[in-house]
Amino acid sequence: GTLIFPSKVGSKYGVKNPYSAEPYNLTDVVKVLAEELHKRGIKLHAWIIVQYDETWGSRDPVYHCSKWENKTYFTGPYPVTDKVRLFNQEYQEYIAELAKELVAEHGVDGIHLDYIWFSGNGDWKPVSSFVNETRVLINSIAPGTVLSIASKAESYTSKTDLAESALYYGQKLYWFSKICDLFYSMTYHRDYGVVQVLLEWL
């Protein structure tokens, strides 16, 4: 929910730069970094955390349907204010415009969307729609810009299992393959007790 560079889009949507001192409050550190990297033949991709955003979550939070108390009963829905609903149209427009600004005005070569998923409902359409809108906007101003996502999955025993577990989080990998250039697979296999040999196919 914060930006460490001067952003017209951030100002438009009320997303503030939390840094009051140089270089972050005045200097376009993203553009400076991009220029220096390009001199050395290195490309810069902007890593954007989607959904986990306290600025937007305080306006339109995700609601959990129930909360267990003492493992015996649960209360009603309650807001999680550090997450914003991906159905929020204004938030979708903000992320897409931010990506467009980074490419058009700050010299970024690629956009990466992290945490682009819904937990546990398997509904891939809103997630895919969100990514596709970003793709269309980027293409309109900078065709060829790389768009990548972090793929959320928890089963690594085969390609089929990986795809099915990603779908649990609303990520339909087949559809993403049509609109994204790269996948960054979140292979936290050790957290799930998967032995290394099972990851050779990956």
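The legends below describe close-up views of a predicted model.

**View 1. The largest nonpolar core.** The largest nonpolar core of the model holds 43 residues. Tyr91, Tyr94, Leu102, Ile111, Leu113, Ile116 and Val131 are the residues with the most contacts inside this core. Helix H4, residues 89-106, gives the most to the core, supplying seven residues. In soluble globular proteins, nonpolar side chains tend to be buried together.

**View 2. Contacts of Tyr94.** Tyr94 is among the core residues with the most contacts inside the core. Apart from neighbours within four places in sequence, Tyr94 is in contact with Leu3, Val9, Gly10, Tyr13, Val15 and Trp56.

**View 3. The two sides of helix H6.** Helix H6 runs over residues 159-168, and Leu162, Ser165 and Ala166 in this helix are buried. These three cover an arc of only 105° around the axis, so they are on the same side of H6. Thr160 and Glu164, on the other side of H6, are exposed. The cover over the buried residues of H6 includes strand E7 (146-151), helix H7 (173-179) and strand E8. Gly170 follows H6 and has a positive phi, near 80°.

**View 4. Asp114 in strand E6.** Strand E6 covers residues 110-114 and contains Asp114. Asp114 counts as buried because its relative accessibility is 11%, and the cut-off for buried is under 20%. When neighbours within four places in sequence are left aside, the residues in contact with Asp114 are Trp47, Ile48, Ile49, Val50 and Ala150.

View 5. Trp47, Ile49, Leu182 and Tyr184 make a nonpolar surface patch of about 400 Å². Strand E1 (45-49) and strand E8 (182-185) each supply at least two residues of this patch. Tyr184 is located in strand E8. With a relative accessibility of 35%, Tyr184 counts as partly exposed.

**View 6. Phe183 in strand E8.** Phe183 is another residue of strand E8. Its relative accessible area is 37%, so Phe183 is partly exposed. Not counting residues up to four places away in sequence, Phe183 touches Ile149, Ser151, Leu173, Phe176 and Ser177. One of these, Leu173, is 10 residues from Phe183 in sequence, and the C-alpha atoms of the two residues are 9.1 Å apart in space.

How values were computed. Residues numbered from 1 in each chain as written. Predicted model: local features only at pLDDT ≥ 70, side-chain atom pairs only at ≥ 80, totals over all residues. Heavy atoms only, no water. Patch = residues over 30% accessible without salt bridge, like charges linked within 9 Å, V, L, I, M, F, W, Y side chains within 5 Å. Areas by Shrake-Rupley, 256 points an atom, 1.4 Å probe, with all protein chains shown as cover. Salt bridge = Lys/Arg side-chain N within 4 Å of Asp/Glu carboxyl O. Helix = DSSP H or I, 4+ residues; strand = E, 2+ residues; numbered from the N terminus. Buried < 20%, exposed > 50% of the residue type's maximum accessible area, 1.4 Å probe, protein only. Core = buried A, V, L, I, M, F, W, Y, C linked by side-chain atoms within 4.5 Å. Contact = heavy atoms within 4.5 Å. Arc of directions from axis to C-beta.
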